[in-house]
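Biologist: Please present the model, and let us then discuss its core and its helix packing.

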Amino acid sequence: MQKSSANISSNKKTSSKVKDSIKSTAQSSHKNSFGGLDKSLLIHMFDCMIKSRALEERLIKIYKAGDAFFWIGAPGEEAWGVPLGVLANKGKGPKHDWLHLHYRCTPTLVAMGMPMIDSIRLMMNKATDPNTGGRNFSNHYCFPEWNISPVSSPIEVQYIQALGTAHVQKRTGAKALTIVTGGDAGTAEGDFASCLIWSSRKGNELPILITVQNNKWGISTSYEGQHGETSIADRAKAFNIKSEVINGNDTIESYIKIKESMDYIRKTGKPAFLEAHVSRLYGHSSASGANFITNEEDCISTFERQLVDANYVKSDYRKNLFQKYEEEAQAIANQVRSELGPNPSTIWDHTYANNENADWRNF
Ligand SMILES: Cc1ncc(C[n+]2csc(CCOP(=O)(O)OP(=O)(O)O)c2C)c(N)n1
Ligand SMILES: [Mg+2]
């Protein structure tokens, strides 16, 4: 793990005004069509959603231009991922929230303050990539300073790893929690069932927010025909876990339900489960072409309509902001293109230190 290109500790972008509104939001009832959420918070989330989309679309262009090997990412999950990042208690160690995310988490990290260059360096496999030193796929983030454990290519393993940090948090008695995300198809893995079992044992419940982003696809296999259960969330109910299905395309609903679940976990020390229905706007990954899918709901357009109707933003706000971030991302890509890839001598860095399994040459 290398140092982030930006100063992470000082990169707390959420303004104090936004933070205040986040605190007060929990107590607010549904005062208006925005569920009582403050205008400054709404616009902050909208900005993060636009930034995340601009970044992801730049990553796709980088792939298509032949400057990267593979793309997988999160366009269509912004209304879910941004509120999650805004609400997470960011920091290092068990007193802060721990995040075990999967490869559709750019919106969450943008909301937590990740600079775009960190994502672009990872995408272009440069030695300067603070996540993996240029050695993993796009969106396979890792930021120890923020308790972001490494995103894994084998799906679902994060549901087991999350139990470990939740155990530590339970032991320390801090009001911090562990968050785990993943896709619908991955819930077929035993790791998912193990997470439900180990987080809900009577008297040993863990402070963990278990989530599934249901986009109705596992690469090219559709949800229908694969699931005997009515909702994935029903499986958590069998373990007496507080559980709900939400519209992950709705920014307000996502924010309110994530906040509600986090408050419950911090208060009771028990797990909660959220299944968020989301869109997959560019298909599975570059493996399926990464072309725009026109018949899926675009959560940014939905939120934009709400904000424009309320006169919170002007009708050209999204277009102008997107253009600003797009120009920024393009300039970063041009800069990063000339940076070096990882040196072969660093191949064993950051693996199991002093363990014979870390280096096959020692076998
Ligand atoms: C253990 C494992 N099995 C299979 C794969 C291949 N694979 C990569 S993504 C994916 C589909 C995952 O679908 P879902 O969990 O619904 O997440 P989504 O990509 O739709 O967000 C599969 C099968 C893998 N990476 N790891
Ligand atoms: Mg899926």
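**Core and helix packing**

Biologist: Which residues touch the most other members of the largest nonpolar core?

Modeller: A nonpolar core is a set of buried Ala, Val, Leu, Ile, Met, Phe, Trp, Tyr and Cys residues joined through C-beta atoms within 7 Å, where buried requires 20 or more other C-beta atoms within 10 Å of a residue's own, C-beta atoms being placed from the backbone. Of the 91 residues in the largest such core, those touching the most other members are M45, M49, I120, C195, I208, L209 and A329. The largest share of this core, 13 residues, comes from helix α2 (residues 39-64), helices being DSSP runs of H or I with at least four residues, numbered from the N terminus.

Biologist: On what basis are features reported?

Modeller: This is a predicted model, so local features need pLDDT of at least 70 and side-chain atom pairs pLDDT 80 or more, whereas totals for chains, interfaces and linings use all residues. Residues are numbered from 1 along each chain as its sequence is written, and chains are lettered from A and ligands numbered from 1 in written order.

Biologist: What is the relative orientation of α6 and α7?

Modeller: The axes, lines fitted to C-alpha atoms over the stretch in contact, with angles from 0 to 180 degrees between N-to-C directions, come within 8 Å and cross at roughly 25° for α6 (residues 158-172) and α7 (residues 190-199). Angles under 35 degrees count as roughly parallel. Therefore, α6 and α7 are roughly parallel to each other.

Biologist: What percentage of the chain's residues count as buried?

Modeller: The chain has 363 residues. Those that count as buried amount to 48%.

Definitions and conventions. A residue is buried if 20 or more other C-beta atoms lie within 10 Å of its own, exposed if 12 or fewer, and partly exposed in between; C-beta atoms are placed from the backbone. Helices (H or I, at least four residues) and strands (E, at least two) are DSSP runs, numbered from the N terminus. Angles under 35 degrees count as roughly parallel, over 145 as roughly antiparallel, 65 to 115 as roughly perpendicular and the rest as oblique.
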